[in-house]
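Today I am going through one model and jotting down what I look up.

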Amino acid sequence: MKMRKLIVAVPLLAAFSFLAFYGFIFFQVYKFNQAAAVPLYEVGDYSEAKLCQECHEEIYDQWQQNSAHAEANNNPRFFSFKDKVTGNFLTNIVIGDANCYACMGPRETVEGVSCEICHGLPIPDVDIMVSHEQKFIPGLEDLKKPEFCAKCHQFPETGEGMSLYSEWQESEAAKQGLTCNDCHMKEKDGLAYHGFDSLSRLRDAERYANDLDIRDFDLSFPKFNLVIENLLISHALPPSGPSRILVLEISFLDTAGSEIHRIVQPFKKQFNLLPLVGIHPFMLLENTQLQSGEVRQLSFTLPSSLEGLIDRAALTLKFYDVSDEYTGDLSKAHWVSEPFITEEVRF
Ligand code: HEC
Ligand code: HEC
Ligand code: HEC
Ligand code: HEC
């Protein structure tokens with residue numbers, strides 16, 4: 001009799017402990033995510049950017065055309081990740097889309113991180129210039145600090161994940177006293193530039209002229225060697241992750257100009273944003289980013305069948321926007337930049 005009771009009790013106890021343990025962790029993650037789901041901006045009645053556009057035409061255009069802020073909650077990358085979170089029963093309960101909207105701009109608008117998200121909402125029922133005196137103008141001092149940008153560009157819980165702010169804190173740029181805005185909002189036509197120069201929007205090539213150097217090409221068949229250097233003093237390249245990839249493409253051509261071989265070399269920081277809920281919220285999978293100031297020697301072995309056939313190589317560097325599930329298929333990218341470095345090497 002006693003033995004039979006034990007046979008029932010032991011598995012029951014084990015099952016109960018297991019459920020209690022995961023229930024506890026689940027609850028902690030849930031609590032953490034509920035706290036993180038509080039919007040990082042003022043919530044209320046949005047007037048939308050058109051109101052500010054009336055008098056701040058130039059700033060509006062820069063933001064609208066160049067800044068990824070303007071479409072943060074309204075682009076394929078955003079939707080694919082949001083659908084992934086809400087499409088799974090567990091992650092929907094634990095995380096939900098509130099976390100997405102906490103950073104990417106309110107659910108109520110499709111303007112992403114707009115004027116009012118950063119500068120605050122106009123005070124209701126008074127002339128807009130009163131809001132200027134009482135909020136917008138005094139507020140500027142705080143907005144100029146990197147800690148303001150850090151509200152959204154720092155995710156401490158991802159460890160060495162998506163934390164541009166902590167990356168900046170340790171950078172040469174910070175040592176030289178350069179803040180986020182000294183680079184990203186550097187004055188243009190007398191105004192703080194609001195294009196922020198998003199890689200996925202219009203990219204002001206002049207601003208980024210000195211980001212990467214690629215040199216020392218050497219064909220010692222079957223080896224092809226080169227050196228790539230990240231000249232940025234503020235960020236690794238590509239900055240952040242996991243959806244942005246930097247890709248070096250090398251096309252080897254024969255004397256007739258036909259491509260006889262192609263190398264595709266991605267640089268990326270990939271981490272799983274949604275592994276087993278409650279066990280490990282973020283997990284770094286691979287990091288081949290070029291660190292700030294890093295000089296990297298690359299060496300490729302070419303197939304022996306190419307011996308004597310290679311006349312020249314055409315190199316390009318581009319940014320690709322992929323989903324966080326990227327596994328190597330670049331044809332699935334949401335967006336590809338224009339090549340920002342092109343180089344032809346004759347042998
Ligand atoms: C009716 C015209 C008008 C509208 C609408 C308007 N502004 Fe302004 N804004 C101005 C003028 C004029 C100034 C310059 C005022 C000054 O310097 O005293 C200004 C200045 C500012 C400044 C500070 C500039 C500085 O260097 O001190 C900020 C920030 C600002 N506006 C934000 C906004 C935002 C955000 C909106 C939309 C919610 C907005 N404005 C809508 C006319 C407008
Ligand atoms: C991502 C946050 C962010 C967004 C979005 C944003 N601003 Fe700003 N804005 C700032 C910061 C930060 C400054 C101060 C920049 C500096 O001086 O370094 C600023 C400065 C300004 C100024 C003063 C410019 C000057 O040089 O005198 C105006 C005017 C302004 N913003 C209007 C707008 C309008 C209009 C929009 C929407 C079209 C907008 N901002 C969107 C962060 C933002
Ligand atoms: C010394 C100048 C400099 C400073 C300081 C700086 N950045 Fe950047 N940042 C850049 C450049 C340049 C790029 C783009 C690299 C390229 O196109 O090659 C970039 C890229 C970015 C990106 C694009 C990320 C992506 O996924 O495409 C973000 C976001 C960003 N910076 C945020 C910040 C924040 C936040 C700070 C402050 C904590 C900061 N930056 C400080 C120069 C700077
Ligand atoms: C309310 C949240 C929020 C604040 C505050 C904020 N950002 Fe952003 N920022 C975002 C989001 C969301 C994106 C778009 C990310 C995406 O779609 O990949 C973005 C994109 C960017 C990019 C371009 C990255 C790209 O995708 O090409 C730069 C550069 C940038 N931010 C700089 C800044 C700087 C500098 C500040 C401080 C003045 C700042 N941001 C403040 C949320 C914010």
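Predicted model: local features only at pLDDT ≥ 70, side-chain atom pairs only at ≥ 80, totals over all residues.

Ground rule before the strands: I call two strands paired if DSSP finds at least two bridges between them. Helices (H or I, at least four residues) and strands (E, at least two) are DSSP runs, numbered from the N terminus.

Residues are numbered from 1 along each chain as its sequence is written, and chains are lettered from A and ligands numbered from 1 in the order in which they are written.

Entry: strand 2. I looked up its partners. A hairpin links strand 1 to strand 2 through 2 residues. Strand 1 (residues 212-220) runs antiparallel to strand 2, with 7 bridges, and there Ile-214 has Ile-228 as its bridge partner. Strand 7 (residues 295-301) is also antiparallel to strand 2, joined by 7 bridges; Val-227 is bridged to Gln-297.

Entry: the core. A nonpolar core here is a set of buried Ala, Val, Leu, Ile, Met, Phe, Trp, Tyr and Cys residues joined through C-beta atoms within 7 Å. The largest one has 14 residues, and Leu-237, Ile-245 and Leu-290 are among those with the most contacts inside it. Strand 2 (223-230), strand 3 (244-253) and strand 8 (312-321) each give two or more residues to this core.

I then checked Leu-290 for contacts (C-beta atoms, placed from the backbone, within 7 Å). Beyond four places in sequence, Leu-290 touches Ile-228, Asn-230, Ala-236, Leu-237, Phe-267 and Arg-296.

Entry: Ser-171. I found Ser-171 in the loop between helix 10 (164-169) and helix 11 (172-175). Ser-171 is classed as partly exposed because 19 other C-beta atoms lie within 10 Å. Leaving out neighbours within four places in sequence, its contacts are Ile-233, Ser-234 and Ser-292.

Entry: ligand 2. Of the 21 residues around ligand 2, Cys-52, Cys-115, Cys-118, Leu-143 and Ala-192 come nearest. Helix 7 gives the most to that shell, with 4 residues.

Notes
Near = placed C-beta within 6 Å. Buried ≥ 20, exposed ≤ 12 C-beta atoms within 10 Å, placed from the backbone. Contact = placed C-beta atoms within 7 Å.
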